[in-house]
Amino acid sequence: MILSLTSKVRPATDLGFLLHKNPANTHRAELSFGAATVFYSEVSEEKCTACLLLEISPVELVRGARQLEDYVNDRPYVASSYMSVAIGRVFGTALAGNCAKRPELVDLKMPLTARLPVVRARGPELLTRIFEPLGYVVTAEPIPLDETNPAWGLSPYFRLTLETTATVHDVLSHLYVLLPVIDEEKHYFIGADEVAKLLRHGEGWLATHPERELIVKRYLRRSASLVSQALEQFEGESNTEKELERPITLHTERVSIVGERLRALGAKSVIDLGCGEGKLLRRLLADRAFDRVAGMDVSHRSLELAAERLRLDRMNDRQRERIQLFQGSLLYRDKRLEGFDAAALVEVIEHMDVPRLAAMERVVFEFARPRHVLVTTPNKEYNVLFPALPPDRMRHNDHRFEWTRAEFATWADRTATRFGYRVTVEPLGPLHETHGAPSQLAVFSL
Ligand code: SAH
């Protein structure tokens, strides 16, 4: 049973830091059911592949066997809950999202390919249903029962390739949770701590997964009480931002206010930085006041959704010339961000780690340097008005921070001064007399 993970981002050998496994060595770990070996099948600046090979001990395989077919089974070859446990053991640090030597790599989304030469699934549909919503391009090639006897037809096994742009931590978490889901044969007892594990490793993606219920049920092997326990937790989680804000559709209001302001500022060309699924882009394109609109995001998947939402493929040429979408990161200077009248960062900064903000500030205010920059972020003081939001929780799993009005104003003033902009900060959304508005907007101008 083998899992490989390939990175092609220079220097690809950074994968070694992220996995805490030096590419120059072979690493072996003894597990209760067998041995795991990590080795690198290719190591260069351009391409690096780490392999996790799992050999299950014969003793383990016949444990509990009562009849002949119990002794002859596919367990040694098929990716399964054994692989999931091995990931937890040998890549535990990476799975927890830690990287002591190069902490800046942990949140880096990079093109990654995971390969599993053999997985068992009833059909390729399940594989697509569970991996695609997470942004993977899924290739599941059916393996014939016997290559020399095509007439025997196909086996229930697939060669699975998963390609994505994500952090190593995300990919490991997805595999950790989803391999047992595909296989459904858990080799160990499912106890209450499995719910905790599922919640921990599913954080940030499982709550909003369209197949959440199927995943939870299969992961917990349909234990009714555990399944309901897990699903209840998720209700709370996914409710927070969406449900809380639903009655007033705050986000729609936010986007329309930002659109109005950009128009009032006389901006003809606008770049939406961290455009997500393209809500603001749609608003801007619908308005002839804007000649040129661009959307940039670090997430491929979001850009795909934006392209769909904007119906890019069905746009006439004149519209098509007004819009441009591209992948990039706010942390790196990028020529493509230059030459716009205005830039918008709508609910983006709180998705970045505080120590990274300085890099973003230079990229936007020093290098791209548009005449106007509009930045919005949640107002933390307003959170007490969301009854479903427990104290000390943020509105979204991926938020790295949420600022009070004073904190945002301080950041805005400091940034404006440093880069020679003027700034005004204002509430965004319905105003509460003590807690302010749900969100806040800073308008920077040169
Ligand atoms: N502006 C959109 C999306 C907000 S969610 C809206 O209002 O609907 C935050 C977005 O920021 C996500 O799409 C995320 O992929 C993007 N993002 C986070 N860090 C980024 C970075 N370093 N560079 C570019 N985009 C980033």
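Me: Where does R311 lie?

Reply: R311 is found in the loop between α13 (300-309) and α14 (317-322); helices here are DSSP runs of H or I with at least four residues, strands are runs of E with at least two, and both are numbered from the N terminus. This is a predicted model, in which local features need pLDDT of at least 70, side-chain atom pairs count only at pLDDT 80 or more, and totals for chains, interfaces and linings use all residues. Residues are numbered from 1 along each chain as its sequence is written, and side-chain values use heavy atoms, with hydrogens and water left out.

Me: Why is R311 called partly exposed?

Reply: Buried means under 20% relative accessible area, exposed over 50%, and partly exposed in between (1.4 Å probe, protein chains only). R311 has a relative accessible area of 46% and is therefore partly exposed. Its phi is positive, about 50°, although R311 is not a glycine.

Me: What makes E347 count as buried?

Reply: Its relative accessibility is 11%, so E347 counts as buried. E347 also has a positive phi of about 50° without being a glycine, and its place is in the loop between β11 (342-346) and α15.

Me: How do you know that the span of α15 is close to the expected one?

Reply: The expected span is 1.5 Å times one less than the number of residues. Helix α15 (residues 357-368) has 12 residues and reaches 15 Å from its first C-alpha to its last, close to the 16 Å expected.

Me: Which residues of α15 are buried, and what puts them on the same side?

Reply: The buried residues are L357, M360, E361, V363, V364, F365 and A368. They cover an arc of only 165° around the axis, so they lie on the same side of α15; the arc is that of the directions from the helix axis to the C-beta atoms.
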